[in-house]
Amino acid sequence: MSNDLRRLTELDRLIHEPARLLILTILASVASADFLFLQRETGLTKGNLSAHLSKLEEAGYVKIEKTFKGKLPLTVCKLTASGQKALTQYRQQLQDFMDKTA
Amino acid sequence: MENNLSDVKQRVKRYWYTDGIGELIGGGMFVLLGIYFALQEVLGQNSTVGGILQASFALLMIGGAFISRRLVNSLKTRLTYPRTGYVEYQVNERGMRWRRILAMVLAFVISALTIVFVRLFQFFDSVVAVTGLIVALILVVLRAKSSGLARFYVLGAVSLVLGLGLSLSGLPNGYSLGLFYGLMGVCFFISGGLTLRGYLKENPLPAVTDNEQ
């Protein structure tokens, strides 16, 4: 196996999980989104989404803030700069693999 | 997971239009513009009130845009965010600069086209026709294409037909322009109203409005 293909094993496994990849992709296309929006868009349960967000927050990929919009309490999630960088790198690695195996 | 990743960006963009609130408020602005142009025709340019109206056009537009923005935000906070969640969109500074330049170029082209049309085709009201064309272009390019929502194509087509139809009606310029904006406002109301009704029906307020993790 060539070194190029072996690099697939270097993929960020935190991002490689489909639900987390979807969460990061959604957050990459907005400035921020709240918990309810992410839950509806991903189709995950509250507990599941919460667990994935916690992992992403621990890794420093996502910033979570509790705030208010008028009187409405919101849990707002934002992609951090390192999250954006990790996602871009992940996509590039995957794209390289696809190009070389096509 | 049914989501197609490449479709995510468009889905997120489309979310802004999912409740029809923007169209309802936009419709209100259009109706007000319609009343403004019709009033100008009724009062005449030589009357004091007509003159004041004409002079305050820019102020009315800026004020209207400001109030509309606040109204949309307020309604979304009450109706949309508790039901389907809150999203803050990215503001692309470079994109905004290009949009401003494009708007200026567009304004220049509209003015030039209007002058050319007035001289070439005196049998029809070119101002309304060009207005219909511009509104249609804005709806198709800035709304329909980016969101992928069919109702904006329909509204664009209505604008084009209405603009052309009224340009041939023989009505005085102020009335035809007033009628154009008024009728487009009604179309926006219908489109926004139906969308909002469907949205509220599909998305009842959650029993527990807990947004916490």
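**Figure 1. Contacts of Val72(B) in a predicted model.** Val72(B) touches Ile21(B), Gly22(B) and Ile25(B), leaving aside its neighbours within four places in sequence. The model shown here and in the other views is predicted. Val72(B) belongs to helix 4 of chain B, which covers residues 57–84. The C-alpha atom of Val72(B) lies 9.0 Å from that of Leu24(B). Along the chain, Val72(B) and Leu24(B) are 48 residues apart.

**Figure 2. Helix 2 against helix 8 in chain B.** Helix 2 of chain B spans residues 21–43, and helix 8 of chain B spans residues 173–202. Their axes are 7 Å apart. The packing angle is about 165 degrees. That makes helix 2 of chain B roughly antiparallel to helix 8 of chain B. The crossing of helix 2 and helix 8 of chain B is left-handed. Which kinds of residue make up the contact of helix 2 of chain B with helix 8 of chain B? There are 16 nonpolar, 13 polar and two charged residues in this contact.

**Figure 3. Helix 6 beside helix 7 in chain B.** This pair joins residues 126–147 of chain B, in helix 6, with residues 150–167 of chain B, in helix 7. The two axes come within 7 Å. They cross at roughly 175 degrees. Helix 6 of chain B and helix 7 of chain B are therefore roughly antiparallel to each other. The contact of helix 6 of chain B with helix 7 of chain B has 15 nonpolar residues, eight polar residues and one charged residue.

**Figure 4. Chain B as a whole.** Chain B holds eight helices and one strand. Starting at the N terminus, the order is α-α-α-α-β-α-α-α-α. Chain B has 213 residues, and 28% of them are buried. Consider contacts in chain B with a separation of 6 or more. Residues 24 or more positions apart account for 74% of these.

Figure 5. Strands of a sheet pair through backbone hydrogen bonds, either parallel or antiparallel.

Figure 6. Strand 2 of chain A and strand 3 of chain A form a hairpin, with two residues between them. Gly70(A) sits in the turn and has a positive phi of about 65 degrees. Eight bridges join strand 2 to strand 3 of chain A, and the two strands run antiparallel. One of the partners is Lys66(A), bridged to Thr75(A) in strand 3 of chain A.

**Figure 7. Strand 1 of chain A and its two partners.** Strand 1 of chain A is joined to strand 3 of chain A by two bridges, and these strands run antiparallel. Asp34(A) stands opposite Val76(A) in strand 3 of chain A. Two bridges also join strand 1 of chain A to strand 1 of chain B (residues 87–88), again antiparallel. Here Ser32(A) faces Glu88(B) in strand 1 of chain B.

**Figure 8. Where chain A meets chain B.** How many residues does each chain give to the contact? Chain A gives 23 residues and chain B gives 19 residues. On the side of chain A that touches chain B, the elements that give two or more residues are helix 3 (18–28), strand 1 (32–34), helix 4 (35–42), helix 5 (46–58) and strand 3 (72–79) of chain A. The residues on this side of chain A are 13 nonpolar, seven polar and three charged.

**Figure 9. Chain A as a whole.** Chain A contains six helices and three strands. Read from the N terminus, its elements run α-α-α-β-α-α-β-β-α. The C-alpha trace of chain A spans about 55 × 25 × 20 Å along its principal axes. Of the 102 residues of chain A, 30% are buried.

Notes:
Residues are numbered from 1 along each chain as its sequence is written. Chains are lettered from A and ligands numbered from 1 in the order in which they are written. This is a predicted model: local features need pLDDT of at least 70, side-chain atom pairs count only at pLDDT 80 or more; totals for chains, interfaces and linings use all residues. Axes are lines fitted to C-alpha atoms, for helices over the stretch in contact, and angles run from 0 to 180 degrees between N-to-C directions. Helices (H or I, at least four residues) and strands (E, at least two) are DSSP runs, numbered from the N terminus. Angles under 35 degrees count as roughly parallel, over 145 as roughly antiparallel, 65 to 115 as roughly perpendicular and the rest as oblique. A crossing is left-handed if the near helix is turned anticlockwise from the far one by less than a right angle, and right-handed if clockwise. Ala, Val, Leu, Ile, Met, Phe, Trp, Tyr, Cys and Pro count as nonpolar, Asp, Glu, Lys and Arg as charged, and the others, Gly among them, as polar. Two residues are in contact if their C-beta atoms, placed from the backbone, lie within 7 Å. Two strands pair if DSSP finds at least two bridges between them. A residue is buried if 20 or more other C-beta atoms lie within 10 Å of its own, exposed if 12 or fewer, and partly exposed in between; C-beta atoms are placed from the backbone.
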